Amino acid sequence: MINISNRLSVSSIYGRQTRSADVIQTGKADTAKTDGIKSEATDESPGVSKIKNTSSLPDEVFENIQRLAKEDAKKNIYMDNEFVSYINNYKAQHISPDRSRLMMMLNPMIANAQYTNGQPTFFSLLDFTVRFSVGAMFGAYVSVRDSSGEEILTYSPSNGRWVSLPTKAENQFHDEATGVYYAAFEEARAEIRAQEAGGAGSVAMTGFNATV
């Protein structure tokens, strides 16, 4: 294999996903400085359910998602922009490999690709395995896999663009985050509907006149 080295460290690109595995297992990571939203949840917070966190999400992330869901329920907007931005930022910082940097490093190779008769060349790039080939008819094809063998990024000359493929860790985070949000949103909407129904009943009783 051909080793391509530069001044970027392995951890700068892929360490984030490695650390995310620890986050998922322990659920104790401190994310207040990096997730873009300061946690406001406490045991006494009225906007957060006391449901126990049984997911693999860190407690702070779990509580932030619940809080955002309840705020959205009050607005009657499912998955408003703040929630979407929050989970996307957290995923990019803690779970996803840095695909943007990989693409930046590989783009010059694609632009200056030499014909290989379609025969693939494999080389290591910052702990990733890259499969690179150039055919006569279609041009350069690139496939990037992580250390576990998961394909995370491809470039196909047929469409002339990069395509990102989600990892198992990214899919797990998305499924759990949206599941926590949905449960909290539905719980909050049910409470709001019950309050509205109770209020309507009180108004009706206030104006009720009975004659005997």
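Is Met-79 buried, partly exposed or exposed, and what is its relative accessible area? Met-79 is partly exposed, with a relative accessible area of 25%, where buried means under 20%, exposed means over 50% and partly exposed lies in between (1.4 Å probe, protein chains only). The model is a predicted one, in which local features need pLDDT of at least 70 and side-chain atom pairs count only at pLDDT 80 or more, while totals for chains, interfaces and linings use all residues. Residues are numbered from 1 along each chain as its sequence is written, and side-chain values use heavy atoms, with hydrogens and water left out.

The protein chain contains 5 helices and 6 strands, taken as DSSP runs (helices H or I, at least four residues; strands E, at least two) and numbered from the N terminus. The order of the elements from the N terminus on is β-α-α-α-α-β-β-β-β-β-α. Of the 212 residues in the protein chain, 38% are buried. Among contacts (heavy atoms within 4.5 Å) with a separation of 6 or more, 57% involve residues 24 or more positions apart.

Helix 2 (residues 59-75) and helix 3 (residues 81-94) have axes that come within 10 Å and cross at roughly 160°. Axes are lines fitted to C-alpha atoms, for helices over the stretch in contact, and angles run from 0 to 180 degrees between N-to-C directions. Helix 2 and helix 3 are therefore roughly antiparallel to each other, on a scale where angles under 35 degrees count as roughly parallel, over 145 as roughly antiparallel, 65 to 115 as roughly perpendicular and the rest as oblique. On the side of helix 2, the contact is made by Glu-60, Val-61, Asn-64, Ile-65, Leu-68, Glu-71 and Asp-72, and on the side of helix 3 by Glu-82, Phe-83, Tyr-86, Ile-87 and Tyr-90. These residues divide into 7 nonpolar, 1 polar and 4 charged, with Ala, Val, Leu, Ile, Met, Phe, Trp, Tyr, Cys and Pro counted as nonpolar, Asp, Glu, Lys and Arg as charged, and the others, Gly among them, as polar.

The loop between helix 2 and helix 3 holds Asn-76 and also Met-79. Neither is a glycine, yet Asn-76 has a positive phi of about 60° and Met-79 a positive phi of about 55°.

Rings of Phe, Tyr and Trp (its six-membered ring) pair if their centres lie within 6.5 Å; planes under 30 degrees apart count as stacked, over 60 as edge-to-face and the rest as tilted. By this rule the count is 6 aromatic pairs. In one of them, Tyr-90 and Phe-173, the ring centres are 5.4 Å apart and the planes are at 25°, so the pair is stacked. Tyr-90 belongs to helix 3 and Phe-173 to helix 5 (residues 168-206), so the pair ties together parts that lie 83 residues apart in sequence. Tyr-90 and Phe-173 are both buried. The pair of Tyr-181 and Phe-185 is likewise stacked, because its ring centres are 5.9 Å apart and its planes are at 15°. Tyr-181 and Phe-185 are 4 residues apart in helix 5 and are therefore separated by about one helical turn. Both are buried. Tyr-78, Phe-83, Tyr-181 and Phe-185 form one aromatic cluster.

His-174 also lies in helix 5 and, at 39% relative accessibility, counts as partly exposed. The C-alpha atoms of His-174 and Lys-91 are separated by 8.4 Å, with the two residues 83 residues apart along the chain.
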